[in-house]
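Hi,

Here is the structure I promised to pass on. Have a look at it first, and my notes follow below.

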Amino acid sequence: MIRFYTTSAKPFHSDHYYRLVPLIDSCKSMQQIKQTHAQLITTALISHPVSANKLLKLAACASLSYAHKLFDQIPEPDLFIYNTMIKAHSLSPHSCHNSLVVFRSLTRHSGLSPNRYSFVFAFGACGNGLGVQEGEQVHVHAVKVGLVNNVFVVNALIGMYGKWRLVEESQKVFQWAVDRDLYSWNTMIAAYVGSGKMSQAKELFDGMQERDVVSWSTIIAGYVQVGCFMEALEFFHKMLQIGSKPNAYTLVSALVACSNLVALDQGKWIHAYIGRAEIKMNERLLASIVDMYAKCGEIESASRVFLEHKVKQKVWPWNAMIGGFAMHGKPDEAINVFEQMKAEKVSPNKVTFIALLNACSHGYMVEEGKLYFRLMVSDYAIAPEIEHYGCMVDLLGRAGLLEEAEDMISSMPVAPDVAIWGALLNACRIYKDMERGYRIGKIIKDMDPNHIGCHVLLSNIYSTSGRWNEARMLREKNEISSDRKKIPGCSSIELKGTFHQFLVGDRSHPQSREIYSFLDEMTIKLKSAGYVPELGELLHDIYDEEDKETALSVHSEKLAIAFGLMNTAHGTPIRIVKNLRVCGDCHQATKFISKVYNRVIIVRDRTRYHHFKDGFCSCKDYW
Ligand code: ZN
Ligand code: ZN
């Protein structure tokens, strides 16, 4: 341990200065920093602001506690040194309180005056993990010393209140600011986006005189965050039209939008654009491309892109690939990627195991699932979280091991949530375990009396087993007790870059007449191939998802599929996104359509992803 040199600084020799200062820059390890530090002490250069600040900056990156000790031993730190320390502590949520300790010693004991940087870093610290009270104190201080109108300080204040979701406070600072720059506008938009206030964000964005890639990226990411994927893509196209060049961050958002819309054409275009515009590939971007192809049903393309690119030191692309194989019901391939990842010494994280357990679940690989669940704890010290238990309950439930699934829930160290019980209830519905289903339904009702999914599943269990009266009673009781709004079923399909949306029983589409006569023909064809409409779930579906008056044949996904069949070349896959869960009858009908019309049909519903081919679905009728 080095004794820090504190008192009676002797004058240093300039030769030492010119020899040692470059040496500080060349330090590569903590060991070298300590050696250089010792030399600075023996030559008295530690009291020279330039060398002290240089070493401090370097030490702060390697070890913040070491840097702080160094700081404490500098005889008379100047403002730069104080600011370096305030900044270094502000970056981590664990040490940002130290940032304010240094800030206070600067303002109270140093005899120096804080400058705009001191405030910018202090506000950064407050936003990164301190309370509103501390932030307001610093804010008052900035007013006192007359720096509150400085544009740097203004921007830091907008950002700090934005991080706390105190968007009205951000807005006040923004509106009253004497001086504003592009960064102020961007930070204010980010504050709105962070609070999910997209209409205000858009209003401000529209009013901007000048926009840069950050402005565009922020608004696009905001729309993705609130699930408005079409708006996100609209803004992305506007951005390109005016000639602004997106960066990797913008492209990740646009690709996430494509994945969620199952918009393969646009996703492909973005992938090609990345190559054309020579955007530097990084792991996040690669992961979004892989994810986009997988979610649009093109697992081969996903795998090809994954293999093509070498930027795979971080976990994200691996997770995307494992997740992709999982959703396509290819557990062996998913496990393969995991093994490869181990070989390349990329550490898996909790998301990797969620994907892996999902893969086992989709492949009915109970033993493998159990193995990885154990491995996660023993080899990687990742404590299973509620999502991992959810996967295990799904895995066991899917395999019909309802007893074991229930034991798994009882053995959880964390309290089970409604979703986990819901997964088991769903398994009870599929395996028609009435008694257990009823018991679990009651548990869920006790936890959340207004839980919609539970009532739906329970009423479904009743109706599929013909207990119509109980189902109806439950429905009526629920309608009285809950004031929830009915969400209409809505499906969309992308055709040459344009989205066509269909609501249940929709007749507003220009091709509506053709669609309905096509549907009539289709039903006849399907019936002659052996399709029997599933009335068991009629009650559930009408009750929960689509309008009471409508018949099975006009559910929104059927309209979208018919439209797709009519408007695309024979053999082209059809991709549909539905906002609600696909009902049993539509699922059954789509399986027949895939066979009769010889088409691959990909349906992404609220909870799962279905890949229909030759009369079968990748979910193996479990969803
Ligand atoms: Zn349906
Ligand atoms: Zn399915």
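Which helices do the buried residues of α10 pack against? They pack against α8 (132-144), α9 (151-163), α11 (182-194) and α12 (198-206). Helices here are DSSP runs of H or I with at least four residues, strands are runs of E with at least two, and both are numbered from the N terminus. "Buried" means under 20% relative accessible area, "exposed" over 50% and "partly exposed" in between, with a 1.4 Å probe and protein chains only.

Before the rest, some housekeeping. This is a predicted model, so to speak of a local feature I needed pLDDT of at least 70, and side-chain atom pairs count only at pLDDT 80 or more, while totals for chains, interfaces and linings use all residues. Residues are numbered from 1 along each chain as its sequence is written, chains are lettered from A and ligands numbered from 1 in the order in which they are written, and side-chain values use heavy atoms, with hydrogens and water left out.

**Overall**

The secondary structure comes to 32 helices and six strands. Of the 623 residues in the chain, 52% count as buried. The chain exposes about 28,800 Å², and carbon and sulfur atoms supply 54% of that; the areas come from the Shrake-Rupley method with a 1.4 Å probe, and for residues only the protein chains shown count as cover. If you take contacts (heavy atoms within 4.5 Å) with a separation of 6 or more, residues 24 or more positions apart account for 64% of them.

**Back to α10**

The buried residues in α10 (residues 167-176) are Val-167, Ser-170, Val-173 and Phe-174. Seen down the helix axis, they fall within an arc of 120°, so they line one face of α10. The arc is that of the directions from the helix axis to the C-beta atoms. An α-helix has 3.6 residues a turn, so residues three or four places apart point the same way. On the other side of α10, Gln-175 and Trp-176 are exposed. In the loop between α9 and α10 sits Arg-165, whose phi is near 65°, a positive value in a residue other than glycine. Most residues other than glycine have a negative phi.

**The zinc site**

What are the protein donors of the zinc ion (ligand 1)? They are His-555 (ND1), Cys-583 (SG) and Cys-586 (SG), lying 1.9 to 2.3 Å from the ion. Donors are N, O and S atoms within 2.8 Å of the metal (3.2 Å for Na, K and Ca), and water is not among the atoms, so sites may look incomplete. Along the chain, the donors follow the spacing H-x27-C-x2-C. His-555 lies in the loop between α30 (538-544) and α31 (556-567) and Cys-586 in helix α32 (residues 584-596), so this pair ties together parts that are 31 residues apart in sequence. His-555 is buried, with a relative accessible area of 2%; Cys-583 is buried at 1%, and Cys-586 is buried at 1%.

In the loop between α32 and β4 (601-604) you will find Asn-598. Its phi is another positive value in a residue other than glycine, near 50°, and Asn-598 is partly exposed at 47% relative accessibility.

**The strands around β3**

Five of the five residues of β3 (residues 574-578) are buried, so the strand is largely enclosed by the rest of the structure. Ile-574, Ile-576 and Lys-578 cover one side, with Arg-575 and Val-577 on the other. Strands count as paired if DSSP finds at least two bridges between them. β1 (residues 490-495) pairs with β3 in the antiparallel sense over three bridges, and Ser-492 stands opposite Val-577 there. β3 and β4 pair in the parallel sense over four bridges, with Ile-574 partnered by Ile-601. In β4, Ile-601 and Val-603 on one side and Ile-602 and Arg-604 on the other are all buried.

**Two last items**

Leu-233, in helix α14 (residues 229-241), is buried at 2%. Leaving out residues up to four places away in sequence, Leu-233 touches Ala-254, Ala-257, Cys-258, Leu-261, Gln-266 and Phe-499.

Cheers
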